[in-house]
Amino acid sequence: MYDKWINELKADKIIKVGLIKGRHELPVDEYIWDKVEEGSLSEILPTAKNHALQWLNSKEFTELHLYPTGFGGYMTAFHWAWNNYKNKSGKKLIIHDHDKTTETYYGTTIE
């Protein structure tokens, strides 16, 4: 029993997330944002940055797979949050972009 518990602690915790819910069907478990807020980018970005950073700090993971959904402002906010994420030591970010030619996702590891 003890060995099983130790192995679970050591196991990679991989989460798959979409940037914004409802924009595209994605192979994810959850989304960072439920919707795009109304307003100008200068109004949205400060709140979006804070939301993304809070979201990162609330999750337990060793590897984060992010599926962007075509809204550059929220991707910018997430990028800022990742760079300011206090606990990212040793954690991987893999961004998956949709490849229209193959109809699959291509992942790129961000270091």
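Which residues does tryptophan 33 touch, not counting residues up to four places away in sequence? I began my notebook with this question, and I keep in mind throughout that the model is predicted.

**Entry 1: Tryptophan 33 and the core**

I looked up the contacts of tryptophan 33 and, with residues up to four places away in sequence left out, I found Leu19, Ile20, Lys21, Ala48, His51, Ala52, Tyr74, Ala77 and Phe78. I then turned to the largest nonpolar core, which has 24 residues, and noted that Trp33, Leu56, Leu64 and Phe78 are the ones that touch the most other members. The elements that give two or more residues to this core are the strands β1 (14-20), β2 (30-33), β3 (63-67) and β4 (92-99), together with the helices α2 (41-57) and α3 (72-84). I wrote down that α2 provides the largest share of this core, with seven residues.

**Entry 2: The chain as a whole**

I stepped back to list the elements, and I recorded three helices and five strands in the protein chain. Read from the N terminus on, they run in the order α-β-β-α-β-α-β-β. The C-alpha trace spans about 55 × 35 × 25 Å along its principal axes, and of the 111 residues of the chain, 31% count as buried. I also checked contacts between residues at least 6 apart in sequence, and 61% of these join residues at least 24 apart.

**Entry 3: How α2 meets α3**

Two packed helices are described by the angle between their axes and by the distance between those axes, so I looked up both values. For α2 and α3 the angle is about 45°, and the axes lie 8 Å apart. An angle under 35 degrees would count as roughly parallel and one of 65 to 115 as roughly perpendicular, and α2 and α3 are therefore oblique to each other. I noted as well that α2 passes α3 in a right-handed crossing.

Next I listed the residues that meet here. From α2 I have Leu41, Ile44, Leu45, Ala48, Lys49, Ala52, Leu53 and Leu56, and from α3 I have Gly73, Tyr74, Thr76, Ala77, Phe78, Trp80, Ala81, Trp82 and Asn84. Sorted by class, this contact of α2 with α3 has 13 nonpolar residues, three polar residues and one charged residue.

Is leucine 41 buried, partly exposed or exposed? I found leucine 41 in helix α2, and its relative accessibility is 46%, so it counts as partly exposed. With residues up to four places away in sequence not counted, leucine 41 touches Pro46 and Gly73.

Methionine 75 has its place in helix α3, and with a relative accessible area of 22% methionine 75 is partly exposed, because buried means under 20%. When I left aside its neighbours within four places in sequence, I found methionine 75 in contact with Leu19, Leu66, Pro68 and Ile95. The C-alpha atoms of methionine 75 and alanine 48 are separated by 9.4 Å, although these residues are 27 residues apart along the chain.

Histidine 24 has a relative accessibility of 47% and so counts as partly exposed. Leaving aside its neighbours within four places in sequence, histidine 24 is in contact with Tyr31 and Thr69, and its C-alpha atom is separated by 9.8 Å from that of tyrosine 67, 43 residues apart along the chain.

Proline 27 is also found in the loop between β1 and β2, and at 41% relative accessibility proline 27 counts as partly exposed. Not counting residues up to four places away in sequence, I found that proline 27 touches Lys16, Tyr67 and Tyr105. For proline 27 and lysine 86, which are 59 residues apart along the chain, I noted a C-alpha separation of 27 Å.

**Entry 4: Glutamate 103**

My last entry concerns a backbone angle. Most residues other than glycine have a negative phi. Glutamate 103, however, has a phi near 55°, which is a positive value in a residue other than glycine. I located glutamate 103 in the loop between β4 and β5 (104-110), and with a relative accessible area of 55% glutamate 103 is exposed.

Definitions and conventions: Residues are numbered from 1 along each chain as its sequence is written. This is a predicted model: local features need pLDDT of at least 70, side-chain atom pairs count only at pLDDT 80 or more; totals for chains, interfaces and linings use all residues. Side-chain values use heavy atoms; hydrogens and water are left out. A nonpolar core is a set of buried Ala, Val, Leu, Ile, Met, Phe, Trp, Tyr and Cys residues joined through side-chain atoms within 4.5 Å. Buried means under 20% relative accessible area, exposed over 50%, partly exposed in between (1.4 Å probe, protein chains only). Helices (H or I, at least four residues) and strands (E, at least two) are DSSP runs, numbered from the N terminus. Contact means heavy atoms within 4.5 Å. Axes are lines fitted to C-alpha atoms, for helices over the stretch in contact, and angles run from 0 to 180 degrees between N-to-C directions. Angles under 35 degrees count as roughly parallel, over 145 as roughly antiparallel, 65 to 115 as roughly perpendicular and the rest as oblique. A crossing is left-handed if the near helix is turned anticlockwise from the far one by less than a right angle, and right-handed if clockwise. Ala, Val, Leu, Ile, Met, Phe, Trp, Tyr, Cys and Pro count as nonpolar, Asp, Glu, Lys and Arg as charged, and the others, Gly among them, as polar.
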